[in-house]
Every structure is written in structure tokens, then in C-alpha cells.
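I opened the notebook to go through this structure piece by piece. These entries record what I looked up.

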Amino acid sequence: MPSNKSASPSSSASPSSRPRKGVVIGALVAVAALLAGWLSQYAVGGNSAGGGSGAGSGDATVEDRSEDTAAGNPALLKLARRAADDPFARGDKDAPVVMIEYADFGCSFCGKFARDTEPKLVRKYVEKGLLRIEWRNFPVFGKGSERAALAGYAAGQQGRFWQFYDAVYADKDHEKGSFTTDRLHELAEQAGVKDLDRFDRDRASEAARKLLDKDRTEAYGLGAAATPAFLVNGQPIAGAQPDKVFTDAIERAAAAAESKAPKSPESKARKSEAPKSQAPESGRTGGEG
């Protein structure tokens with residue numbers, strides 16, 4: 001597993017790394033903003049679950065947080081995959097708000113979020129088309145967590161990822177579990193996975209390993225060092241925070257997205273017609289009658 005020091009962003013990027021299609025500087029600014037947000041939340045006790053030994057390296061300062069607005073940093077907004085057929089996401093792919101969850105199946109605080117907070121967010125926002133939740137594997141507790149992540153991929157290939165997710169986190173003794181083959185089969189059966197032979201093939205596949213590595217590299221690259229960690233339209237939340245932290249972030253992001261959304265031709269037409277229909281009424285303020 002890559003260490004935080006080697007995988008987290010650094011402010012001393014070499015000149016040779018700069019010309020990557022002109023996006024590196026913007027990406028570093030985005031990461032600095034993200035780190036500032038996460039670091040400040042860890043400092044005030046926002047995260048109690050330690051998946052790593054620190055919040056990553058870099059020289060993030062208070063000034064870096066100028067990017068930390070409800071509208072979201074463009075570089076971080078692009079991390080949302082928004083694939084219509086993504087088995088590891090729930091909610092409308094075109095929802096105005098995307099919450100990316102970086103989590104470990106062996107993390108007790110990820111379980112707390114899954115049991116106590118996420119169902120409320122699903123009812124209040126996902127089911128109404130306002131929020132999309134995208135899962136990212138971030139196994140930081142060793143081989144057992146990696147086995148569970150690969151099993152989650154396999155459950156997803158049979159359309160049962162979120163049922164597997166619920167089954168794992170329903171067990172409050174799952175923390176840092178070894179996730180043996182027998183236990184993974186039990187969880188798969190609880191999740192409604194029909195074909196356990198395929199389940200075993202899929203969790204042993206190269207595709208499963210590649211997605212796990214991609215997700216984990218993304219998390220470490222952002223400077224995340226513990227689980228759970230979240231991006232809400234590009235804005236960071238660290239740890240299993242109180243419900244209000246999530247609802248406030250989602251509603252701010254939704255309002256920001258709404259304010260930036262292009263107006264439809266119909267709404268523009270209504271707006272252009274409104275003054276004409278109201279002209280006689282407004283003319284009375286000039287002293288007629």
C-alpha cells in the first residue's frame with residue numbers, strides 16, 4: 001500500500017512535471033485547497049477514525065482556502081465519474097450535487113456513517129434527484145480491507161454492491177476484519193449475490209485490482225490519510241461528521257449549482273414576456289388615475 005508521504009501532493013513539484021497539458025498548476029491549487037479543508041477539520045477533531053498517520057504533506061495555508069467555495073473547485077468537480085451504468089454509485093448521473101465517498105470496509109467510522117447518516121441523505125436528497133453518491137475504495141487497514149474491497153467490486157458485477165455495502169456495515173464488529181473467504185461468501189449471500197462462483201472469479205480479476213488501485217491512488221493523491229473522507233461537489237468533509245455538516249454542504253452545493261445552471265429557452269422566454277404583460281400595471285405608479 002502506498003505511504004502518505006510518497007503519494008500525497010507536494011508543493012515542490014519538479015519543473016519537468018509542469019507541462020502536462022496545462023492542468024498541473026490548477027490541480028495543485030485544487031489539492032492545496034482540499035488539504036487546507038481537510039487539515040483544518042482534523043485539527044478540530046472532525047475525524048476520529050485514523051486510517052493513516054497524517055493528513056498528507058504540503059504547505060497548505062489559510063490563503064489556500066480561497067478555492068473552498070460552495071460552487072466547488074473545477075479540478076475536483078471533475079473527479080465525479082457520472083457514469084450512468086456505474087454499479088458503485090447511486091442517484092441520478094445528472095444530479096446537481098455529487099458526493100464522493102472514500103471509505104474502507106474495515107473502518108468503524110465508515111460504518112457509523114453508513115448506518116446513521118447515509119440512509120437519511122438517500123431519503124432526503126438521492127431519491128429526489130438532488131444528490132448522487134459515488135463510492136471509492138480506500139482500504140487503509142491492510143489485507144482484510146483489500147479483500148473486502150475486491151469483494152465489493154465482485155458484488156457490483158451482479159448489481160448488488162450497495163446491498164453488500166449495507167451487509168458489511170450492518171455488522172458493528174466488522175472493524176479491521178480479516179474478511180476471510182467464508183465471511184465474504186456470507187456477506188455476498190446476505191447481499192443477494194446469486195452466483196458465488198462468478199463472485200470469486202470477479203474478486204480475483206485484474207479489473208477488480210485495477211479499480212481498487214485507481215480509487216486508492218485518487219484518494220492518496222488528494223492528501224486523504226484517514227477514512228471516511230468525502231468530496232461534496234469538490235468540497236471536503238473529513239470523518240463521520242454530524243448529519244448537519246452533510247446536509248448543509250449538500251444544500252449549499254445545490255444552491256450554487258442552481259445559480260450557475262444555464263436557463264432553459266422556456267424560462268428565458270417567460271422572463272422576456274413578463275415585463276410586457278405587467279407594463280400597464282406598473283405604469284400606474286407614475287400617477288395615473
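In which loop is asparagine 233 found? I located asparagine 233 in the loop between β4 and β5. I note at the outset that this is a predicted model.

**Entry 1**

I checked the backbone of asparagine 233. Its phi is near 50°, a positive value in a residue other than glycine. Most residues other than glycine have a negative phi. I then looked up the accessibility. Asparagine 233 has a relative accessible area of 8%, so it counts as buried.

I next looked at lysine 78, which lies 155 residues from asparagine 233 along the chain. Their C-alpha atoms are separated by 9.0 Å. I found lysine 78 in the loop between α3 (74-77) and β1. Lysine 78 counts as exposed because its relative accessibility is 70%.

**Entry 2: the whole chain**

I stepped back to the totals. The protein chain has 11 helices and five strands. Of its 289 residues, 44% count as buried. I also looked up contacts between residues at least 6 apart in sequence. Of these, 81% join residues at least 24 apart.

**Entry 3: the sheet**

I traced the strand order. The five strands form an open sheet in the order β1-β3-β2-β4-β5, and the pairing is mixed. The edges are β1 (89-90) and β5 (235-238). Each has a single partner strand, so one side of each is left without a neighbour in the sheet.

I followed β1 to its partner. β1 pairs with β3 (residues 131-137) in the antiparallel sense, over two bridges. Arginine 90 has isoleucine 133 of β3 as its bridge partner. Alanine 89 stands opposite glutamate 134 in β3.

I then turned to β2. β2 and β3 run parallel and are joined by seven bridges. Here isoleucine 100 stands opposite glutamate 134 in β3. I followed the chain from β2 through α4 to β3, and this β-α-β crossover is right-handed.

**Entry 4: β3**

Is β3 largely enclosed or left open? I counted seven buried residues out of seven, so β3 is largely enclosed by the rest of the structure. I sorted its side chains by direction. Leu131, Ile133, Trp135 and Asn137 point one way. Arg132, Glu134 and Arg136 point the other way. I note that the buried set includes Arg132, Glu134 and Arg136.

**Entry 5: helix α4**

What does α4 span between its end C-alpha atoms? I read 24 Å, whereas a straight helix of 19 residues would span 27 Å at 1.5 Å a residue. I looked for a bend and found one. α4 bends by about 45° at threonine 117. Proline 119 follows within four residues.

I listed the buried residues of α4. They are Cys110, Gly111, Phe113, Ala114, Thr117, Glu118, Leu121, Val122, Tyr125 and Val126. Threonine 117, where α4 bends, is therefore also on the buried list, as under 20% relative accessible area counts as buried. The buried residues pack against β1, β2, β3, α6, β4 and α10 (243-260).

**Entry 6: helix α9 and what follows**

I compared α9 (residues 206-221) with its expected span. α9 has 16 residues and reaches 22 Å from its first C-alpha to its last, close to the 22 Å expected at 1.5 Å a residue. I found these residues of α9 buried: Ala208, Leu211, Leu212, Asp215, Arg216, Glu218, Ala219 and Tyr220. An α-helix has 3.6 residues a turn, so residues three or four places apart point the same way.

I read on past the helix. Just after α9, glycine 223 takes a positive phi of about 95°. In the loop between α9 and β4 I came to proline 228. The peptide bond from threonine 227 to proline 228 is cis, with omega near -5°. Most peptide bonds are trans.

**Entry 7: phenylalanine 179**

I closed with another backbone check. Phenylalanine 179 has a phi near 50°, positive in a residue other than glycine. I placed phenylalanine 179 in the loop between α6 and α7 (181-190). Is phenylalanine 179 buried or exposed? Its relative accessibility is 5%, so phenylalanine 179 counts as buried.

Notes:
Residues numbered from 1 in each chain as written. Predicted model: local features only at pLDDT ≥ 70, side-chain atom pairs only at ≥ 80, totals over all residues. Heavy atoms only, no water. Pairing = 2+ DSSP bridges. Expected span 1.5 Å × (residues − 1). Buried < 20%, exposed > 50% of the residue type's maximum accessible area, 1.4 Å probe, protein only. Right-handed = clockwise from strand over helix to strand, strands pointing away. Bend = angle between axes of the 7 residues up to and from the residue. Contact = heavy atoms within 4.5 Å.
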